[in-house]
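Me: I would like a close look at one part of this model, the pocket and the helices around it. Please take it piece by piece.

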Amino acid sequence: MKKQKPVVQVQDIRKVYQMGREQVVALKRINLDIYRGEICCIFGTSGSGKSTLLNQLAGMEKPTRGKVLIKGSCISQMSEEQLAVFRQRYLGFIFQSYNLLPTMTAVENVALPLMFRGEKLREREQAAIEMLKKVGLGHRLFHYPGQMSGGQQQRVGIARAFVTRPEVIFADEPTGNLDTKTTEEIMAMITHFSRTQGQTVVLVTHDPEMSRYGDRIIRLVDGAIIQNELQEKKGEKR
């Protein structure tokens, strides 16, 4: 049987920041493979390097050494123009602070990534409406972010991230501003889309409770991986 190739590959990544005369090592030789359809939870306390690692994976920062590959393409060696095109085609993002445009309705916010792809107005609006209905916001299609609760705004964020059917979703503390009940609802949605559409989710969080949603559990301490393990869910074959 042919072995599955990782969707995300991290090879000997090291990140060092120059702080005046001192050097701060944020990541120490990180190696990591993440496969298609996995929900990978990256845990760590403040200062552990988890946000730095996410920035490397998403191409937001260049590594001091090593490289990151997504679908076999080395994003750490791409120009900003190449990265912009790559992100539009293959990546989606969910943020703790939602990052919705306040002057746009829910439909317009969700349709935005499709506009960047060059899709026609009617097609992108229809796709946005369908996604918003899937996340339970069929009654909030033309509301603005300021007219919605935090949980509703994050549902819009999820719809926006998944509307282009990207290969990989990066979620940065996606439930950090939400209560327990809303957190469970949001994570149920993310898990459902990952399972039904075979999308990889890389979730960064400081909350150990989030581990129950993950397939692959990564723990960082002082810029190094101290745990990398798969956990099999009941009733699921991974």
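Reply: The largest pocket has a volume of about 410 Å³. Of its 16 lining residues, Leu91, Phe93, Pro113, Phe116 and Arg160 are the closest to the centre. A pocket here is an open set of points on a 1 Å grid over the protein atoms alone, where a 1.4 Å probe fits, with protein on both sides within 12 Å along at least five of seven lines; lining residues have an atom within 4 Å of a point. Grid points are joined across faces, edges and corners, and the volume is the space filled by probe spheres set on them.

This is a predicted model: local features need pLDDT of at least 70, side-chain atom pairs count only at pLDDT 80 or more, and totals for chains, interfaces and linings use all residues. Residues are numbered from 1 along each chain as its sequence is written, and side-chain values use heavy atoms, with hydrogens and water left out.

Helix 2 (80–90), strand 6 (91–95), helix 3 and helix 5 each give the lining at least two residues. Strand 6 supplies the largest share, 4 residues. Helices (H or I, at least four residues) and strands (E, at least two) are DSSP runs, numbered from the N terminus. By class, the lining has 9 nonpolar, 4 polar and 3 charged residues. Ala, Val, Leu, Ile, Met, Phe, Trp, Tyr, Cys and Pro count as nonpolar, Asp, Glu, Lys and Arg as charged, and the others, Gly among them, as polar.

Two of the lining elements, helix 3 and helix 5, also pack on each other. The axes of helix 3 (residues 106–116) and helix 5 (residues 150–162) come within 7 Å and cross at roughly 30°. Helix 3 is therefore roughly parallel to helix 5. Axes are lines fitted to C-alpha atoms, for helices over the stretch in contact, and angles run from 0 to 180 degrees between N-to-C directions; those under 35 degrees count as roughly parallel, over 145 as roughly antiparallel, 65 to 115 as roughly perpendicular and the rest as oblique. From helix 3, Ala106, Asn109, Val110 and Pro113 meet Val156, Ala159 and Arg160 of helix 5, contact meaning heavy atoms within 4.5 Å. These contact residues comprise 5 nonpolar, 1 polar and 1 charged.

Helix 3 also packs with helix 4 (residues 121–134), at an angle of about 125° with the axes 8 Å apart. That makes helix 3 oblique to helix 4. The contact between them has 11 nonpolar, no polar and 2 charged residues.
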